[in-house]
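Subject: Structure handover and notes

Dear colleague,

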Amino acid sequence: MDIFGYPIWIVIFICLGVFCASFMDAIGGGGGIISLPCYLLAGLPVHFALGTNKLSACIGTVASTIRYVKNGCVDWLLAIPSIGLALLGAHIGTRLQLTVDERYLKFLLLLVLPVIAVILLKKKDLPETREPINEWRRRAIVWGTSILVGTYDGFYGPGTGTFLLLSFCYLAKIDVRTASGNVKLVNLSSNIGGLATSLAAGKVLVPIGLLAAVFAIAGQYIGAGLALKNGSKIVRPVILFVLVILTAKMLLELFGVA
């Protein structure tokens, strides 16, 4: 039995993978590390896998974003400029992707990731309360991170939400729940930029993407609920897991295994 021209087991495999990815993404970011390989393992061509993944990810992220917003976990003064900056960054990153070998970025990240992991291990928990720093410094950190990580998302992508969350919590000193809400708005913006480009190029399998989006919504909604309830107790372990598998993924790609 086929669904949208693909065997039913492949579609089920994609949907379950997207659910797991979205659940993880809602808590600590990095969902694309799981969902994109699922599309590729299902046999979708690379560009269609990237575009279709953006479709399900965008719709799923809306669900967790709404939940954070409804619970008052967004600092709008920080978030509104961040949205525009993330869109700009994603556009710049996509343009750079056409001219620069992404291997250089991967080598750089392999140097940065262990440092991030050590910092995270030395800190007992992500901040549960907002810590006092100069507000203009906080804004500069959040807005600067939004355009930089948005550029990274357009250029390469995996781990975007994790990098945003760590920066917002440790550098901008925002509590983990508000940081998570702002991260969702920034990440959603950069995803929309990528999705628009893929749709314009005709590289999205819309029926499969919409079906997978149902599972993405469920995963994001459940994951966001756990993060709101448990805070850093659940977010910190998920981030460490994301950093480990992201490092492994890049090593495999650099050595031509994946």
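Is Arg130 buried, partly exposed or exposed? Arg130 is partly exposed, with a relative accessible area of 33%, on a scale where buried means under 20% relative accessible area, exposed over 50% and partly exposed in between, computed with a 1.4 Å probe on protein chains only.

Before going further, please note that this is a predicted model, in which local features need pLDDT of at least 70 and side-chain atom pairs count only at pLDDT 80 or more, while totals for chains, interfaces and linings use all residues. Residues are numbered from 1 along each chain as its sequence is written, and side-chain values use heavy atoms, with hydrogens and water left out.

As for the overall picture, the secondary structure comes to 10 helices and two strands, taken as DSSP runs numbered from the N terminus (helices H or I of at least four residues, strands E of at least two). Read from the N terminus, the order of elements is β-β-α-α-α-α-α-α-α-α-α-α. Of the 258 residues in the protein, 51% are buried. With contact meaning heavy atoms within 4.5 Å, residues 24 or more positions apart account for 83% of the contacts that have a separation of 6 or more.

In one of them Arg130 pairs with Asp75, and the closest N and O atoms are 2.7 Å apart. Arg130 lies in the loop between helix H5 (102–122) and H6, and Asp75 in the loop between helix H3 (46–70) and helix H4 (76–97), so the pair ties together parts that are 55 residues apart in sequence. Asp75, at 17% relative accessibility, counts as buried. Another salt bridge joins the side chains of Arg138 and Glu135, at 3.0 Å from N to O; both residues lie in helix H6, three residues apart, which is about one turn of the helix. Here Arg138 is buried, with a relative accessible area of 2%, whereas Glu135 is partly exposed at 33%.

What did the search find among the aromatic rings? There are two aromatic pairs in the whole structure, where rings of Phe, Tyr and Trp (its six-membered ring) pair if their centres lie within 6.5 Å, with planes under 30 degrees apart counted as stacked, over 60 as edge-to-face and the rest as tilted. The rings of Trp136 and Trp143 have centres 6.4 Å apart and planes at 80°, so this pair is edge-to-face. Trp136 is exposed at 57% relative accessibility, and Trp143 is partly exposed at 21%. Tyr152 and Phe163 are also edge-to-face, because their ring centres are 5.5 Å apart and their planes stand at 65°. Since Tyr152 lies in helix H6 (residues 135–155) and Phe163 in helix H7 (residues 160–171), this pair ties together parts that are 11 residues apart in sequence. Tyr152 is buried, at 9%, as is Phe163, at 13%.

Two charges also sit over rings, in the sense that NZ of Lys or CZ of Arg is within 6 Å of the ring centre and within 35 degrees of the ring normal. The charged end of Arg139 is over the ring of Trp136, 4.4 Å from its centre, and Arg67 lies over the face of Tyr221, at 4.0 Å from the ring centre.Turning to the interior, a nonpolar core is a set of buried Ala, Val, Leu, Ile, Met, Phe, Trp, Tyr and Cys residues joined through side-chain atoms within 4.5 Å. The largest such core has 17 residues, of which Val142, Leu164, Phe168, Ile174 and Ala179 touch the most other members. H4, H6, H7 and helix H8 (176–200) each supply at least two residues of this core, and H7 gives the most, with five. A second, separate core of 14 residues includes Val11, Ile14, Leu44 and Ile208.

Finally, Ser167 in helix H7 is buried, at 8%, and leaving aside its neighbours within four places in sequence, Ser167 is in contact with Ile141, Thr145 and Ala172.

Best regards

Note on methods:
A salt bridge is a side-chain nitrogen of Lys or Arg within 4 Å of a carboxyl oxygen of Asp or Glu.
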